[in-house]
Amino acid sequence: MAGRSSTKVDDVHETSITIEEEIHKVCLPPNKTIFQSIKHNFSEIFFPDDPLHKFKNQKPSKKFLLGLQYFFPILEWGSEYSFKLLKSDVISGLTIASLAIPQGISYAKLANLPPLYGLYSSFVPPLLYAVLGSSRHLAVGPVSIASLIMGSMLKGVVSPTEEPTLYLKLALTSTFFAGVFQTSLGLLRLGFIIDFLSKPTLTGFTAGAAVIVGLQQLKGMLGITNFTPKMQIVNVLFSVFSNTKEWSWQTLVMGMCFLIFLLATRHISIKKPHLFWISAAAPLASVILSTVLVYVLRAHTSAISTIGHLSTGLNPPSANMLSFSGTHLALAVKTGIVSGILSLTEGIAAGRTFASLRNYQIDGNKEMIAIGVMNMAGSCTSCYVTTGSFSRSAVNFNAGAQTAVSNIFMAATVMITLLFLLPLFYFTPNVILAAIIITAVIGLINYQQVIKFWRVDKFDFMTCLIAFFGVIFLSVQMGLAIAVGVSIFKILMNVTRPTTVVLGNIPGTQIFQNVGRYGDATRVPSFLVLAIESPICFANSAYLQERILRWVREEEERILANKEQELKTIILDLTAVTAIDTNGLEAIVEIRKMLDKRSYKLVLVNPVGQVMEKLETSKTLKLFGEKGLYLTVGEAIADISKRFKIQV
């Protein structure tokens with residue numbers, strides 16, 4: 001079937017290639033109607049997970065039940081619920097409640113809202129998620145990033161102290177729009193939009209936000225009354241050091257003591273994961289202990305500000321506070337979309353992380369619907385933007401949660417707090433809330449990931465730094481916008497400037513690899529083998545045309561310098577070209593015409609199904625003739641060498 005031919009070309013190169021007698025034909029993909037093609041492309045874009053596969057070959061009654069289970073996952077696992085699962089969920093629910101209560105109060109202040117709204121947001125949304133959510137371990141409630149975004153974006157236009165009612169209306173309206181946006185993404189299966197927030201973007205953004213949030217807490221740690229509403233690091237530091245007369249040593253001492261305590265418990269839990277309950281219980285323990293200290297020593301701690309009176313009772317209805325008109329509507333929509341995207345990103349990422357640890361899958365689009373409905377309903381019950389929290393979900397996971405019922409018991413604990421325990425928070429010092437926030441945001445600074453970016457991808461590292469410095473020096477939303485812009489620029493660069501490489505033969509084989517990557521891969525005399533590692537489209541067709549001609553020119557110069565056999569054939573390996581459009585087809589035709597004028601032969605190798613189909617329907621293949629298309633590079637070289645008596 002095959003023989004070997006090895007001829008020494010010059011003093012430097014010696015190439016051995018298997019000459020194959022059989023030349024395989026490149027086949028066209030099966031014929032499809034226009035409707036079949038559109039249906040296939042539509043399903044691959046919006047339904048890659050085939051969510052309707054369970055409904056195939058099922059009776060109508062079964063389909064109805066499966067439909068209910070799809071939108072209400074609790075119906076799927078609820079029938080198998082047992083006392084053993086209940087016991088685990090009760091323990092984990094009470095554990096995360098001990099973290100959720102102080103965090104809820106703290107994050108509400110981070111969003112410039114009254115503390116009660118943090119507790120409200122830890123009551124209704126978890127109940128809804130338990131019914132609608134597909135994750136077994138996601139713990140729902142307010143999160144630091146969404147709170148910060150909402151607080152900074154709204155505070156830049158409306159003062160929460162001078163216009164508290166308007167500010168509250170905008171916060172609730174923003175929450176409603178966040179829910180609408182999230183639900184729409186899920187229903188329209190557009191979840192891939194959040195993928196534009198790359199890992200470097202989020203890492204830099206969250207680190208910058210953590211620094212700003214931490215510095216903002218110096219107001220509470222030092223007992224400063226007059227503090228800048230701006231979020232830039234320069235303004236914050238200037239406000240801190242220009243108000244030294246307002247510093248309270250009692251507040252600072254108490255804050256530092258509890259901050260050290262909280263950081264120590266966090267460190268213990270990181271080093272010894274089985275002691276997770278220490279850091280989980282630390283915030284509530286700090287609140288209780290500091291409240292007792294301020295109450296007992298209230299005659300000597302007048303300089304330490306406290307939360308004060310909190311009205312008992314469950315979430316009051318707030319649908320009448322939603323505002324869909326007026327001059328601030330655009331602000332509410334923008335805030336809702338930005339906070340909605342960030343909260344979705346954290347919630348889905350947390351859900352997928354803990355699902356992978358227990359070897360089950362969650363439906364990202366279903367999660368978007370659950371979180372979106374949760375926020376829309378929450379906006380009507382005095383809640384602001386909520387999602388799944390990484391920190392609380394980690395505690396929930398480590399506490400042994402088995403199902404989303406743990407959220408129900410957490411909500412029940414918060415309900416008891418709202419009904420009966422709020423008067424106990426009267427003497428809780430604000431400095432403790434600042435210490436809790438600082439401890440929480442420190443975990444958002446992932447310096448190990450930044451080091452990894454530097455080692456692996458310098459462009460990702462730069463994206464991370466741009467997001468970080470954009471947040472701390474400009475603003476939270478501006479830093480995020482710049483980082484997203486840089487990420488999109490990276491995508492455009494990858495699309496418009498795809499990689500093209502020269503392939504060489506691995507001696508004694510039919511394998512062709514990048515000569516710059518494999519030292520033993522040798523060029524084949526008289527042939528220039530090029531591989532394109534990207535789809536060919538309108539954005540890069542002109543570049544590829546110029547780059548291929550440049551490769552030809554460089555090969556001519558190399559051959560002349562080394563006095564090798566003259567170049568006769570250029571082979572384009574299209575194995576990695578997954579798609580092509582009309583601009584790409586025209587570019588290939590133009591390249592062929594230019595090479596023809598220079599007496600070079602151009603052949604194509606192994607186009608994938610979609611590319612092959614377009615080459616055929618556009619009549620491009622007719623220009624190449626019967627011997628212009630091959631299945632492999634080896635077959636192309638073997639056949640052309642045999643027909644034109646080229647020694648290789």
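Residues are numbered from 1 along each chain as its sequence is written. Since the model is predicted, local features need pLDDT of at least 70 and side-chain atom pairs count only at pLDDT 80 or more, while totals for chains, interfaces and linings use all residues; side-chain values use heavy atoms, with hydrogens and water left out.

Start with the overall layout. The protein is split into domain 1 (76–490) and domain 2 (498–647), with bounds that come from an automatic or database domain assignment. Their centres, taken over C-alpha atoms, lie 54 Å apart.

Now for some helix packing. Two packed helices are described by the angle between their axes and the distance between the axes. Helices here are DSSP runs of H or I with at least four residues, strands are runs of E with at least two, and both are numbered from the N terminus. Axes are lines fitted to C-alpha atoms, for helices over the stretch in contact, and angles run from 0 to 180 degrees between N-to-C directions. Helix 15 (residues 364–379) packs against helix 6 (residues 124–132) at about 150°, and the axes are 9 Å apart. That makes helix 6 and helix 15 roughly antiparallel, a label for angles over 145 degrees. Helix 15 also meets helix 8: those axes come within 7 Å and cross at roughly 155°, so helix 8 and helix 15 are roughly antiparallel too. The handedness is right-handed for helix 6 with helix 15, but left-handed for helix 8 with helix 15. A crossing is left-handed if the near helix is turned anticlockwise from the far one by less than a right angle, and right-handed if clockwise.

On to the empty space. Rolling a probe the size of a water molecule over the atoms shows where empty space is left. On a 1 Å grid over the protein atoms alone, a cavity is a set of points where a 1.4 Å probe fits but cannot get out; a pocket is an open set with protein on both sides within 12 Å along at least five of seven lines, and lining residues have an atom within 4 Å of a point. Grid points are joined across faces, edges and corners, and a volume is the space filled by probe spheres set on the points.

The second largest pocket has a volume of about 1000 Å³. Among its 38 lining residues, K109, N112, K155, T161 and K219 are the closest to its centre. Helix 18 (430–442) is one of the helices that supply at least two lining residues, and its 5 residues are the largest share. By class, the lining has 20 nonpolar, 14 polar and 4 charged residues (Ala, Val, Leu, Ile, Met, Phe, Trp, Tyr, Cys and Pro count as nonpolar, Asp, Glu, Lys and Arg as charged, the others, Gly among them, as polar). N112 sits in the loop between helix 4 and helix 5 (116–120), and its phi is positive, near 65°, though it isn't a glycine.

As for cavities, the whole structure holds 3 of 30 Å³ or more. Helix 23 (582–597) and helix 22 (541–562) each supply at least two of its lining residues, with helix 23 giving the most, 4 residues. That lining divides into 7 nonpolar, 3 polar and no charged residues.

Terms used: Angles under 35 degrees count as roughly parallel, over 145 as roughly antiparallel, 65 to 115 as roughly perpendicular and the rest as oblique.
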